[in-house]
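The sequence and structure come first.

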Amino acid sequence: MSLWIWVATIQVVLIKIKNFHQYIVGEAIMPMKSIIRLKKSISNNERIAFGKLRKDVIKPGICTLCGACASTCESISIVDKLPKLIDKCDGCGVCYNQCPRTITTEEDLIGKIRHAYCAKTTIPELKGQDGGIITSVLAYALEEGLIDCAIVTTRSEEEPWKPVPIVAKTYEDLLSSSGSIYSHSMTMEALMSAIKQDMRSIAFVGPSCNIDAVTKMQKSPYGFLRLFMRANIVKMGLFCMDTFYYEGIKEFVESKNIKLEDIDAMKIRKGKFEFYMNNEIRDFSLNEFDSYRSSSCKFCTDMAAEKSDISFGGIGTPNGWTTVLARSGIGYEIFNEAVDSGYIKSRVLEKNEMEKVLNLAKMKKVQMYPITKRK
Ligand SMILES: Cc1cc2nc3c(=O)[nH]c(=O)nc-3n(C[C@H](O)[C@H](O)[C@H](O)COP(=O)(O)OP(=O)(O)OC[C@H]3O[C@@H](n4cnc5c(N)ncnc54)[C@H](O)[C@@H]3O)c2cc1C
Ligand code: SF4
Ligand code: SF4
Ligand code: SF4
C-alpha cells in the first residue's frame, strides 16, 4: 500500500473516532430529520414544547434533576438547580418525551392491552350499569362451565345501597348484582370464602385496588399456599376514579329528601352524581361529595385496572354501552366467546373513544402530584 493510501485510511479512521466520541459524549446534535421522525413517532403529531415540560414537571416541583432534557437539547441548561430554556425552542417534544416524570404512551396510561371494544348485552332482562357486559360475560362463563362461581357485589337488603360482596353461583345471583355501587366492597372476603368452599375456577370483579389485592395474593401466598394453589382466578377489572363512604352518600341524599330505598340506579358522569328514581332523575355536582370521598382514592393512580385480565368502563362509549379492554389471552377469549355465542354485540373501540379513556386515565395518574408533597 502506498504512503498516500495509508495517510488517507488513517484520516478516515480518525474522523470516525472523532464522530463516535462526539456522539457518545453528547456533543453531536441529532439531525433535524431524525428529530422530526422522533417527534411524529412519540407524540402523535401533537406539538409539545418546553413550556409543557415546565408546566407539568418543573413548576410542580417533581423534576428529579436527572438532566435528560438538558443533555438532549442545546436550548436547555440547568440554571439554579432547575432546567431552564436558554435559547429558541423548536417544539420538537424530545425533552418532554425523554423526561422520566412525564406520562407519554398509551401503555403508561392504561397498561398493556390486546384489543379495545365497545359492547352491549343482548340479554333483554339484564339492566347493567352501562352495556351490561360484565354480567353477560359472567352469565356465559357460568353457563358454559368455564367458571364455578363469580365474586360480585350486590346491594344489602337491610341497608339499601350498602355493598355486599357475594359468591354468585347462579344466573339469578348474577342478575341481582349488575350495576355499580360507589362504595368500597370487601370483595376479598368473598373470594377467600369461595376458595375455602373448594371453588376451582373463579371470576373476580372489582376496581384496581381489589384487582391488586388478588394479584398480590397470587404472587405471595404467605402461608396460604394450600388455599391459593387450588384456584384459577380470572380478574375482571372496573375502571374507577373514586368511591365514597356509604354513610356519606346516605347523609347527603337524606339531606336532599331522597330515600336510599327509592333509588334504582346511581351514575357518575360529566362531573355529576346522578340518582335515578321511579320517574325522576336528581343530579348534583360531584364537588358536593368531596368530603365523603374515600381517602384511599386520593392516592390511587390506576383508573383502568391495569393488572386485570380484562377491564370495563363507561367512559369512551355512548350511553348504554361498555368500553372493554381485553388484556390477557383468557380475558380476550372469554369476551370473544361470549360475543360469538350471542350474549353480546360488539365493535372495535374508535380512536376518539379511546382518547376519552386515555384522558381520564391521565387525570388519575397526575392527581397525586399536588397533594402528596412531603413537608
Ligand atoms: C366504584 C366504581 C367506580 C367506577 N368509576 C368509573 C369511572 O370513573 N369511569 C368509568 O368509565 N367507569 C367507572 N366504573 C365502571 C362502570 O360503572 C361500570 O361498572 C362498567 O362500565 C361496567 O358496566 P356494565 O354495565 O358492563 O357492568 P354490569 O353488567 O352492570 O356489572 C357491574 C359489575 O360491577 C360489580 N360491582 C358493582 N359495584 C361494585 C363495587 N363497589 N365493587 C366491586 N364490584 C362492584 C357488580 O357486582 C357487577 O358484577 C366504576 C364502577 C364502580 C363500581
Ligand atoms: S427544542 Fe429543545 S426545549 Fe424545545 S421541545 Fe425540543 S427538546 Fe424541548
Ligand atoms: S428530564 Fe425531567 S426530571 Fe430530568 S431534569 Fe429534565 S425536567 Fe427534570
Ligand atoms: S379510586 Fe382507586 S382506591 Fe378508590 S376505589 Fe377506585 S380503584 Fe380503589
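What does the accessible surface of the protein come to, and what share of it belongs to carbon and sulfur atoms? The surface comes to about 21,500 Å², and 54% of it belongs to carbon and sulfur atoms. Such areas come from the Shrake-Rupley method with a 1.4 Å probe, and for residues only the protein chains shown count as cover.

## Basis and overall make-up

This is a predicted model, in which local features need pLDDT of at least 70 and side-chain atom pairs count only at pLDDT 80 or more, while totals for chains, interfaces and linings use all residues. Residues are numbered from 1 along each chain as its sequence is written, chains are lettered from A and ligands numbered from 1 in the order in which they are written, and side-chain values use heavy atoms, with hydrogens and water left out.

The protein has 15 helices and 13 strands (DSSP runs numbered from the N terminus: H or I of at least four residues for helices, E of at least two for strands). Of its 375 residues, 42% are buried (under 20% relative accessible area, with exposed over 50% and partly exposed in between; 1.4 Å probe, protein chains only). Among contacts (heavy atoms within 4.5 Å) with a separation of 6 or more, 66% join residues 24 or more positions apart.

Strand β6 (residues 201-207) is largely enclosed by the rest of the structure, because 7 of its 7 residues are buried. In a regular strand the side chains alternate between the two faces of the sheet. On one side of β6 the buried residues are S201, A203, V205 and P207, and on the other I202, F204 and G206.

β6 pairs in the parallel sense with β4 (residues 149-155) over 3 bridges; pairing requires at least two DSSP bridges between the strands. A203 of β6 is the bridge partner of A150. Strand β7 (residues 232-238) also runs parallel to β6, joined by 7 bridges, and M236 in β7 is the bridge partner of V205.

## Helix α9

Buried residues of α9 (residues 187-196) are T187, A190, L191, M192, A194 and I195. Their cover includes β4, β5 (163-168), β6, α10 (208-219), α11 (225-228) and β7. D198, with a positive phi near 70°, follows α9.

## The largest nonpolar core

The largest nonpolar core has 31 residues (buried Ala, Val, Leu, Ile, Met, Phe, Trp, Tyr and Cys joined through side-chain atoms within 4.5 Å). Its largest share, 8 residues, comes from α7. L138 and M236 are among the residues with the most contacts inside this core. L138 touches A150, A203, V205 and M236, among others, not counting residues up to four places away in sequence.
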